[in-house]
Amino acid sequence: MQKNNETLTWKALEKLYEVDRLNKFKIHKLTKDHVRLTSFTRMRVSLAAQVCSQSVAGSLRKYQNDPRFEGLISTELITFITICNRLFDCLNGSDDPEGIRNKINSDLLPITSCQDVIFDFLHSVLKYFQDWQSEALLREGKLSLEERRRMQISQESYESLHITIPGFCGAVQYLLQNTGIKSAKAKDFNQDKLEQEFGLFRMSFGSNNHPTLQNLIQKTLSHHVQRSAALPVQGNIKGSRKTLLVDESPLPKRPRK
């Protein structure tokens with residue numbers, strides 16, 4: 001990709017992994033799975049979040065003038081990763097209502113006001129990508145539309161941001177203004193639980209790629225009965241395991257005659 005006449009290349013991340021591969025004191029979490037993507041690892045949200053992280057941006061900034069990274073690390077690449085990192089934090093949050101564990105990163109805290117600075121940042125993200133798209137489409141030179149689109153994020157990602165950010169901001173501000181709630185956690189708006197539910201269905205159907213409505217009803221009832229002992233889902237989201245509570249109290253006995 002290109003922005004402001006600077007190149008944003010994946011090769012910078014590959015080089016960062018190679019240079020720090022044997023470094024025991026590296027600050028980022030990049031591994032082979034992060035930089036050598038497959039059809040499966042492309043869907044893992046955790047890998048994407050660790051690539052677009054503040055630690056990766058800091059590592060790239062440290063190596064920006066290193067001869068080994070000549071022509072790979074640009075200021076725009078570091079800016080892009082930094083924005084994506086904060087965007088991820090703002091739209092995910094965490095379970096920390098008292099703000100004890102997240103004093104350093106306020107983006108993870110629950111939103112308590114319609115004037116929260118998070119809303120200003122989210123709207124600035126939209127403007128950042130809008131300006132990027134305008135720059136690519138209006139750039140001088142005989143470039144095809146496809147070449148101009150490759151200079152920026154994909155059109156699907158661009159449109160998704162314009163759905164997600166206004167929708168999230170509008171929903172949170174409406175809840176704070178009209179429902180009487182004191183705070184809203186961004187984490188409560190994600191769809192991980194729904195994805196886990198469909199993940200259980202996919203595992204239980206096995207090789208059956210065309211389940212019927214009757215199959216789905218049967219599996220739903222089966223999952224409902226076995227919910228407390230269900231295994232965690234492994235996929236592109238974090239799984240969760242529910243604890244099976246065991247009551248060791250004696251069972252009632254029939255009185256002897």
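This passage walks through the fold of one predicted model, from the whole chain down to single residues. Because the model is predicted, local features need pLDDT of at least 70 and side-chain atom pairs count only at pLDDT 80 or more, while totals for chains, interfaces and linings use all residues. Residues are numbered from 1 along each chain as its sequence is written, and side-chain values use heavy atoms, with hydrogens and water left out.

Let's start with the overall layout. The chain has ten helices and two strands; here helices (H or I, at least four residues) and strands (E, at least two) are DSSP runs, numbered from the N terminus. Reading from the N terminus, the order is β-β-α-α-α-α-α-α-α-α-α-α. Of the 257 residues, 31% count as buried, where buried means under 20% relative accessible area, exposed means over 50%, and partly exposed lies in between (1.4 Å probe, protein chains only). A contact means heavy atoms within 4.5 Å. Among contacts between residues at least 6 apart in sequence, 59% join residues at least 24 apart.

The loop between strand 1 (2–3) and strand 2 (6–7) holds asparagine 4, and asparagine 5 is found in that loop too. Asparagine 4 has a phi near 55°, a positive value in a residue other than glycine. For asparagine 5, phi is near 65°, again positive in a residue that isn't glycine. Asparagine 4 counts as partly exposed because its relative accessibility is 42%, whereas asparagine 5, at 69%, counts as exposed. Further along, arginine 44 sits in the loop between helix 2 (32–35) and helix 3 (45–51). With 26% relative accessibility, arginine 44 is partly exposed. Arginine 44 and aspartate 33 are eleven residues apart in sequence, and their C-alpha atoms are 10.0 Å apart.

Now for how the helices pack. Two packed helices are described by the angle between their axes and the distance between the axes. The axes are lines fitted to C-alpha atoms, for helices over the stretch in contact, and angles run from 0 to 180 degrees between N-to-C directions. Angles under 35 degrees count as roughly parallel, over 145 as roughly antiparallel, 65 to 115 as roughly perpendicular, and the rest as oblique. Helix 1 (residues 11–20) and helix 4 (residues 54–62) pack at about 85°, with their axes 11 Å apart, so the two helices are roughly perpendicular to each other. Ala12, Leu13 and Leu16 of helix 1 meet Val56, Ser59 and Leu60 of helix 4. These contact residues divide into five nonpolar, one polar and no charged (Ala, Val, Leu, Ile, Met, Phe, Trp, Tyr, Cys and Pro count as nonpolar, Asp, Glu, Lys and Arg as charged, and the others, Gly among them, as polar). Serine 59 lies in helix 4 and counts as buried, at 1% relative accessibility. Not counting residues up to four places away in sequence, serine 59 touches Leu16, Ile27 and His28.

Helix 5 (residues 75–92) and helix 8 pack at about 45°, with axes 11 Å apart, so helix 5 and helix 8 are oblique to each other. Here the contact is made by Leu87, Cys90 and Leu91 of helix 5 and Leu161, Thr164, Ile165 and Phe168 of helix 8. Its residues come to six nonpolar, one polar and no charged.

What about the aromatic rings? Rings of Phe, Tyr and Trp (its six-membered ring) pair if their centres lie within 6.5 Å; planes under 30 degrees apart count as stacked, over 60 as edge-to-face and the rest as tilted. A search of the whole structure finds seven aromatic pairs. One of them joins phenylalanine 80 and phenylalanine 129, whose ring centres are 6.3 Å apart with planes at 90°, so the pair is edge-to-face. This pair links distant parts of the chain, with phenylalanine 80 in helix 5 and phenylalanine 129 in helix 6 (residues 117–137), 49 residues apart. Phenylalanine 80 is buried at 14% relative accessible area, and phenylalanine 129 is buried at 5%. Tyrosine 128 and phenylalanine 129 also form an edge-to-face pair, 5.0 Å centre to centre and with 80° between the planes. Ring pairs link Phe80, Tyr128, Phe129 and Trp132 into a cluster.

Finally, tyrosine 158 belongs to helix 8 (residues 155–178) and is buried, with a relative accessible area of 11%. Leaving aside neighbours within four places in sequence, tyrosine 158 is in contact with Phe129, Gln130, Gln133 and Ile153.
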